[in-house]
Amino acid sequence: MSYLFATLFYVSLGIFAAGLALKLRQYWSVPAPLKIPTTPAPITRSGVVFRMFREVVFFESLFRATKWTWIFGWMFHLGLALAFVRHLRYVVSSDFFIWPLINNWLVQFAGQYASLIMLVGLLGLLGRRIFVDRVRYISAPSDYLMLILIIMITVSGIMMSFIAPIDVVGLKAFMVGLMVFDWQELPSSIFLIIHLGLVAVLAIIFPFSKLLHAPGVFFSPTRNQVDNPREQRHVADWARSLDLDSADQSSG
Amino acid sequence: MRAILGQLFLLGPMLIVGSVVAGDRVSLPKYPQPVGEKCVEPADIMRREHMNFILHQRDETVYKGIRGITAKHSLKDCIDCHAGYDEQGKAMPINAKGQFCESCHNYVAVSIDCFGCHRTTPDEINKMRQLTVKFNQDRPYGGE
């Protein structure tokens with residue numbers, strides 16, 4: 001079982017990293033020929049950075065669009081972030097310089113109870129797809145599957161955290177063993193097997209799924225463009241060589 | 001929040017490189033060997049459930065008032081067996097660096113809140129009383 005999971009982790013991490021890199025390259029190189037920031041939009045670069053910050057941290061446009069989706073979505077992502085920081089304890093060595101931050105009572109406490117916030121958010125988002133007619137109409141199977149997958153990961157984590165504790169020292173040894181290629185035994189727990197197995201599945205399908213909104217938001221032209229179409233003429237890089245005017249402008 | 005997360009993602013490869021360069025492969029917690037033959041429960045169960053045992057014992061003792069030899073999961077007894085001793089034979093606090101509780105708890109970033117109230121070393125006074133009782137039993141009153 002330990003070897004199976006070690007292999008699974010290497011394979012899934014490889015697919016995750018390679019798939020994500022390919023996707024990012026695609027996002028990077030796909031042309032944005034038009035100046036289409038959603039107005040009112042910032043007119044300076046730093047303003048765009050601030051707008052993107054609000055978008056990524058507070059989900060500003062979602063807040064303006066649908067309050068219920070925003071509440072549940074934001075709860076989930078907040079919980080996810082806190083739980084992520086808590087999980088660093090399994091991969092960070094206790095003599096690494098960021099350890100005091102991880103080995104902090106408040107951080108660990110927040111990370112543990114964040115799982116409940118996550119679960120409420122996820123169930124809210126699932127309920128939205130089931131009970132709101134217009135959302136149910138446009139929901140694809142992958143929408144449900146993604147939610148159910150993450151709900152199962154969350155629930156198995158909650159089980160280990162609150163109800164059926166596992167040998168966390170053994171688990172850290174296993175995770176560190178993966179990183180230094182000195183494989184250790186995986187502690188036995190059905191919830192751990194479910195948790196890690198589904199995380200591997202999640203990592204594998206991440207580069208092919210709607211979860212790509214995580215890196216994708218940064219590439220969104222309606223959010224990452226400066227609103228200065230009159231001050232500075234917008235020409236996509238690929239079109240520059242075709243465009244006589246811009247050749248004049250770039251030289252002058 | 002997610003911007004911070006992005007930075008943390010970058011930490012991943014750094015950590016991997018860092019730990020490979022460090023070279024000591026998988027480090028595990030190191031702590032003094034306990035005295036006594038065996039623990040009150042099998043080791044693999046203790047590793048997972050010790051906090052619940054201690055909490056349950058707390059309820060028995062404090063809320064129900066059940067004390068004495070029926071106390072199987074007494075924190076005091078944990079410390080009696082698992083405390084480490086320095087060169088002078090003096091017991092070291094069990095939550096001190098490298099000692100029984102601290103070594104694992106620090107390894108996985110779990111804080112311990114037992115010792116805000118409870119003592120961290122074997123109870124010397126109690127041990128003295130036991131020794132006195134034994135001394136008196138060995139030498140009945142009026143002997144020597």
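Biologist: Which residues touch the most other members of the largest nonpolar core?
Modeller: This is a predicted model: local features need pLDDT of at least 70, side-chain atom pairs count only at pLDDT 80 or more, and totals for chains, interfaces and linings use all residues; side-chain values use heavy atoms, without hydrogens and water. Residues are numbered from 1 along each chain as its sequence is written, chains are lettered from A and ligands numbered from 1 in the order in which they are written. A nonpolar core is a set of buried Ala, Val, Leu, Ile, Met, Phe, Trp, Tyr and Cys residues joined through side-chain atoms within 4.5 Å. Among its 19 residues, those touching the most other members are A:L122 and A:F206.

Biologist: Which elements of chain A give two or more residues to this core?
Modeller: Helices are DSSP runs (H or I, at least four residues), numbered from the N terminus. The elements are α1 (2–29), α4 (67–87), α6 (105–131) and α8.

Biologist: Is A:S156 buried or exposed?
Modeller: A:S156 lies in helix α8, residues 141–163. Buried means under 20% relative accessible area, exposed over 50%, partly exposed in between (1.4 Å probe, protein chains only). Because its relative accessibility is 3%, A:S156 counts as buried.

Biologist: Which residues does A:S156 touch, not counting residues up to four places away in sequence?
Modeller: Contact means heavy atoms within 4.5 Å. Within the excluded range, a polar atom of the A:S156 side chain lies 3.0 Å from the backbone oxygen of A:M152 and one lies 2.9 Å from that of A:I153. Beyond that range, A:S156 touches A:F191, A:I194 and A:H195.

Note on methods:
Polar contact = N/O pair within 3.5 Å; in protein donor to acceptor, adjacent residues only side chain to side chain.
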